[in-house]
Amino acid sequence: MHEASLPFDLPAPAPGTMARASAMAVRSLQGHEHARWDAFVDACPEATFFHRAGWQTIMEQGFRHDSHFLYAERDGRIAGVLPLAHVRSRLFGSSLVSLPFCVYGGIAGGSTAVRLALDEAAQALARRLGVGHLEYRWREETDNTHEDAPDKAPAGWLRKPLYATFRRPLHPDAEQNLLAIPRKQRAVVRKAMAAGLHSAIDHDLERFYPIYAASVHRLGTPVFAHRHFALLRAVFGADCEILTVYHGQQAQASVLQFYFRDEILPYYGGGSVLARSTGANDFMYWESMRRACARGCRLFDFGRSKLGTGAYDFKKNWGFAPQPLPYAYRLVRAAALPEVNPLNPRYALFIRAWRRLPLPLANLLGPHIVRQLG
């Protein structure tokens with residue numbers, strides 16, 4: 001099997017790691033190795049859905065960003081992985097991120113020596129590319145390949161407390177999951193049930209995309225291209241599903257969700273202007289939970305939200321405890337981290353103006369902007 005080495009020299013191993021590193025190599029993922037990479041990810045406790053090899057296709061074909069999916073190999077076996085993509089933006093600068101457009105990333109698997117080798121390779125790559133910064137989107141606290149205390153960023157790395165994720169185990173009994181929802185939100189779900197709302201699995205984007213696009217437009221956010229969602233479904237197959245909520249024949253809310261091992265991740269969701277009054281949004285997430293329970297899933301991942309936002313409060317109101325995301329950043333050429341988030345006052349005017357754009361125009365322009373955000 002052909003195995004490609006990195007197109008640059010790795011730095012010398014840290015003191016004391018020479019013997020361990022001699023039997024290990026860091027390589028770039030090749031197209032014919034996706035199944036091998038995914039076999040490691042499926043078995044690796046630290047890996048997430050966003051470590052899957054299919055994201056290399058999404059980065060390159062969907063967003064036209066160069067990908068650098070690195071893996072450490074020892075004795076002919078993958079010992080750790082680090083998916084990276086290079087985002088080049090005229091608006092927001094250049095960055096090397098694990099992984100853009102994904103809520104989780106960073107190094108998955110391996111011993112300290114393996115993680116150190118991958119981290120050193122990523123930093124060497126970041127310097128060669130001349131990016132502003134290198135970013136790891138860790139889901140949980142980690143030593144980040146160093147021996148520093150886990151409650152602070154390692155030397156040379158920065159932290160920016162901006163996001164939290166919301167994850168909770170699912171009970172095998174659906175009724176117990178319903179009772180676990182706090183009373184006020186549970187009442188909304190029950191009211192939606194009584195009003196006759198129902199859900200169905202869609203096999204195309206016909207209902208999902210218009211609902212989603214209109215929903216993010218109302219928030220003042222540029223939309224992803226239709227082809228992005230089509231590519232997600234093509235790449236991830238049965239692990240990428242669309243659930244739509246109807247009132248009679250009228251679609252009122254829809255969500256594209258991922259399955260990974262025994263987890264479900266409702267990822268891209270939206271509701272119509274009627275969804276708030278009918279409870280369709282709450283009912284949609286309940287149906288996602290109920291169906292996942294019937295499928296044998298044991299964990300519901302509500303995804304990340306920015307601190308201080310309505311989405312953050314919505315998930316807390318569902319009884320989910322926020323878990324701060326310890327994203328780590330290393331400056332390469334930039335003097336400071338860019339403040340690319342809608343809470344930045346600089347973008348308030350843009351958000352207000354975007355909301356006023358006609359929806360067809362926003363759908364046309366949005367994909368060209370959003371691909372630069374990462």
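1. Leu99 and its peptide bond. Leu99 is located in the loop that connects strand S4 (93-98) with helix H4 (112-129); helices (H or I, at least four residues) and strands (E, at least two) are DSSP runs, numbered from the N terminus. The peptide bond from Ser98 to Leu99 is cis, and its omega is near 10°. As background, most residues other than glycine have a negative phi, and most peptide bonds are trans.

2. Basis of the note. This is a predicted model, in which local features need pLDDT of at least 70 and side-chain atom pairs count only at pLDDT 80 or more, whereas totals for chains, interfaces and linings use all residues. Residues are numbered from 1 along each chain as its sequence is written, and side-chain values use heavy atoms, with hydrogens and water left out.

3. Confidence. The protein chain has a mean pLDDT of 88 (the predictor's confidence in each residue, from 0 to 100), and 88% of its residues reach 70 or more. Among the elements of the chain, the lowest mean pLDDT, 40, belongs to helix H1 (residues 18-21), and the highest, 98, to S10. The pLDDT is below 50 over residues 1-22, a stretch that has 37 contacts in the model beyond near neighbours in sequence (contact means heavy atoms within 4.5 Å). Residues 144-152 also have pLDDT below 50, with 18 contacts beyond near neighbours in sequence.

4. The sheet. An open sheet of mixed pairing is formed by 7 strands, in the order S1-S2-S3-S4-S5-S14-S6; two strands pair if DSSP finds at least two bridges between them. Strand S1 (24-28) and strand S6 (158-159) are the edge strands, each pairing on one side only. Strand S2 (residues 66-74) and strand S3 (residues 77-89) run antiparallel and are joined by 9 bridges.

5. Helix H3 (residues 54-62) lies across S2 and S3 and runs at about 155° to S2. For these angles, axes are lines fitted to C-alpha atoms, for helices over the stretch in contact, and angles run from 0 to 180 degrees between N-to-C directions.

6. Positive phi values. Which residue in the loop between S2 and S3 deserves a look? Asp75 is found there, and its phi is near 55°, a positive value in a residue other than glycine. Asp75 counts as exposed because its relative accessibility is 66% (buried means under 20% relative accessible area, exposed over 50%, partly exposed in between; 1.4 Å probe, protein chains only). Arg261, in the loop between strand S10 (250-260) and strand S11 (263-271), has a positive phi of about 50° although it is not a glycine. At 39% relative accessibility, Arg261 counts as partly exposed.

7. A buried loop residue. Thr48 lies in the loop between H2 and H3, yet Thr48 is buried, with 2% relative accessible area. Not counting residues up to four places away in sequence, Thr48 touches Val41, Tyr104, Arg139 and Phe260.

8. Cysteines. The structure holds 0 disulfides, a disulfide being a pair of cysteine sulfur atoms within 2.5 Å. Cys293 is buried at 10% relative accessible area, and Cys102 counts as buried at 1%.
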